[in-house]
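Please look at the sequence and the model before reading on.

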Amino acid sequence: MRTDQYQGHDYYLMDELLTDEHKLIRDAAREWVKKEVSPIIEEAAENCKFPQHLLPGLASIGAFGPYIPEEYGGAGLDHIAYGLIMQELERCDSGLRSTASVQSSLVMYPIWKYGSEEQRMKFLPKLASGEWIGCFGLTEPDHGSNPGGMTTNYKDMGDHYLLNGAKMWISNAPFAQVAVVWAKNEEGRIHGILVERGMEGFTTPTMHGKWSLRASDTGELIFDNVKVPKENLLPGRSGLGAPLSCLDSARYGIAWGAIGAALDCYDVALRYSKERMQFGKPIGAFQLQQKKLAEMITEITKAQLLTLRLGQLRNEGRATSSMISMAKRNNVDMAKTVASNARQMLGGMGITGEYPIMRHMMNLESVITYEGTHDIHLLITGMDVTGFDAFK
Ligand code: TGC
Ligand code: FAD
């Protein structure tokens with residue numbers, strides 16, 4: 001990959017709406033990414049391996065639990081700061097953002113929100129420092145969009161729980177020390193349970209053959225009569241609403257992250273359009289190429305406005321799940337379109353690893369599928385505006 005020459009794009013002067021702290025955090029994340037990740041990300045994607053040596057650096061820029069209170073090792077920041085960090089990470093690679101958003105929103109968040117004080121003190125500081133990595137097991141081989149149908153279950157054996165079942169498509173699973181697993185009890189009620197590496201009967205095979213999100217490790221979680229200590233059950237909330245509330249936080253981060261991927265594609269295409277000469281002119285001087293660039297920056301700017309407003313509402317506790325669904329769906333779709341047009345603008349060079357666009361395009365195929373597919377989020381909006389539940 002070439003030197004990372006990325007510069008932010010702020011067509012509607014949105015920086016004026018950010019605090020100095022927001023800008024400081026974003027710029028620190030950007031610099032760290034440029035120095036530590038951009039030079040190696042293409043190789044990581046080619047090798048289909050998350051570069052684990054980046055974990056302490058991710059912790060140092062506050063990417064693990066930015067909004068978790070400092071007493072538990074988090075950075076105690078607001079949700080806009082969280083979003084900006086996710087944007088800078090996904091500007092480089094969606095898999096990098098995935099690792100951080102799973103750790104923050106899907107592992108630290110449920111332990112903080114629904115865990116006991118002992119669980120918080122045991123897990124959160126180590127997760128914040130990157131010493132431990134976590135994963136989130138909701139999806140099963142036969143239950144993806146419909147997690148409420150899950151069959152993973154546990155039985156009360158008196159002094160412990162006995163866990164059986166399997167989860168699939170789990171980010172970070174192959175190297176996580178702890179898994180937040182959603183399973184049904186004997187009454188069929190969903191609870192969160194913390195399963196730790198080393199527990200007998202618990203294995204995490206890597207999933208191979210991905211053409212997308214290759215710089216993120218994905219695996220299965222297999223539970224074969226795993227004895228889980230009773231103190232590992234999350235006591236604070238049960239029912240499907242518990243995991244779905246964690247998804248709200250992660251989907252919110254993805255809405256910001258997708259803007260990062262789009263910004264990178266736009267940035268590369270804009271620079272290329274000024275350098276690449278055809279018919280005696282830079283290709284950026286042709287109206288058809290200008291149309292692509294003008295539409296890209298228009299859509300990016302609309303997404304930036306939508307998402308910053310969502311961040312303000314989330315800071316005030318007023319962002320609804322359906323608002324978050326709208327932003328996740330819109331922004332990922334927008335990023336996919338930007339990436340596709342940017343790739344065309346680079347001609348043949350657009351399909352090579354010398355530029356990041358093809359990698360972003362492939363990554364976004366996962367991003368539009370996980371955390372609720374494009375169509376599931378449309379149905380959530382449809383349900384919100386009509387009052388009719390298309391899932392039932
Ligand atoms: P439904 O009957 O509508 O709801 C069940 C209960 O949940 C409540 N609820 C929510 N609570 C908090 N936040 C939300 N977003 C919520 N949505 C619903 C609801 O009020 C109800 O509560 P209660 O008290 O009445 O029981 O549930 P349903 O079975 O009809 O399903 C609804 C649907 C389809 C929207 C939901 O299942 C869904 O969102 N499906 C998509 C599944 C999904 O997103 N999976 C993601 C897995 S994790 C992942 O992909 C990580 S990728 C990470 C990375 O690498 O970045
Ligand atoms: P399905 O649910 O089988 O959907 C197939 C198609 O049917 C989709 O187009 C869908 O939109 C459509 N469909 C389904 N239901 C309806 C309906 N009612 N109406 C209309 N259309 C419908 N999960 C985790 O728990 N933890 C993770 O860390 C995690 N990481 C992931 C990482 C990657 C790289 C990927 C690809 C997935 C990950 N997932 C994770 C799983 C992800 O959340 C699921 O893939 C996703 O929820 C969709 O489920 P599915 O793949 O089973 O598709």
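## The shell around ligand 1

The shell around ligand 1 is made of 11 nonpolar, 10 polar and 5 charged residues. In this classification, Ala, Val, Leu, Ile, Met, Phe, Trp, Tyr, Cys and Pro are nonpolar, Asp, Glu, Lys and Arg are charged, and the others, Gly among them, are polar. In total, 26 residues surround ligand 1, and the closest are Ser 98, Ser 171, Arg 251, Gly 372 and Lys 392. A residue is near a molecule if one of its heavy atoms lies within 4 Å of it.

The model is predicted, so local features need pLDDT of at least 70 and side-chain atom pairs count only at pLDDT 80 or more, while totals for chains, interfaces and linings use all residues. Residues are numbered from 1 along each chain as its sequence is written, chains are lettered from A and ligands numbered from 1 in the order in which they are written, and side-chain values use heavy atoms, with hydrogens and water left out.

The largest share, 6 residues, comes from α6. Helices (H or I, at least four residues) and strands (E, at least two) are DSSP runs, numbered from the N terminus.

Several polar contacts (pairs of N or O atoms within 3.5 Å) can be listed. An N or O atom in the side chain of Arg 251 is 2.7 Å from an oxygen atom of ligand 1. For Ser 321, a polar side-chain atom lies 3.1 Å from a nitrogen atom of ligand 1. For Tyr 370, a polar side-chain atom lies 3.4 Å from an oxygen atom of the ligand. Taken alone, ligand 1 exposes 1,100 Å², and the protein buries 73% of that. Accessible areas come from the Shrake-Rupley method with a 1.4 Å probe.

## Ligand 2

The residues surrounding ligand 2 number 18, and the closest are Phe 136, Thr 139, Ser 145, Trp 169 and Thr 373. By class, 9 are nonpolar, 7 polar and 2 charged. Both β3 and α10 supply at least two residues of this shell.

A polar side-chain atom of Thr 139 lies 2.7 Å from a nitrogen atom of ligand 2. Backbone N or O atoms also take part: that of Leu 138 lies 3.0 Å from an oxygen atom of ligand 2, and that of Ser 171 lies 2.9 Å from an oxygen atom of ligand 2. On its own, ligand 2 has 980 Å² of accessible area, of which the protein covers 66%.

## The largest pocket

Where are the ligands placed? Ligand 1 sits in the largest pocket, and the space taken by ligand 2 is the largest pocket. A molecule sits in a pocket if more than half of its atoms lie within 2 Å of its grid points. On a 1 Å grid over the protein atoms alone, a pocket is an open set with protein on both sides within 12 Å along at least five of seven lines, a cavity is a set of points where a 1.4 Å probe fits but cannot get out, and lining residues have an atom within 4 Å of a point.

The largest pocket holds about 1,300 Å³ of space. Its lining has 43 residues, and Gly 144, Leu 247, Arg 251, Glu 371 and Gly 372 lie nearest its centre. With 6 residues, α6 gives the most to this lining.

Methods: A polar contact is a pair of N or O atoms within 3.5 Å; within protein, one must be able to donate a hydrogen and the other to accept it, and residues adjacent in sequence count only if both atoms are side-chain atoms. Grid points are joined across faces, edges and corners, and a volume is the space filled by probe spheres set on the points.
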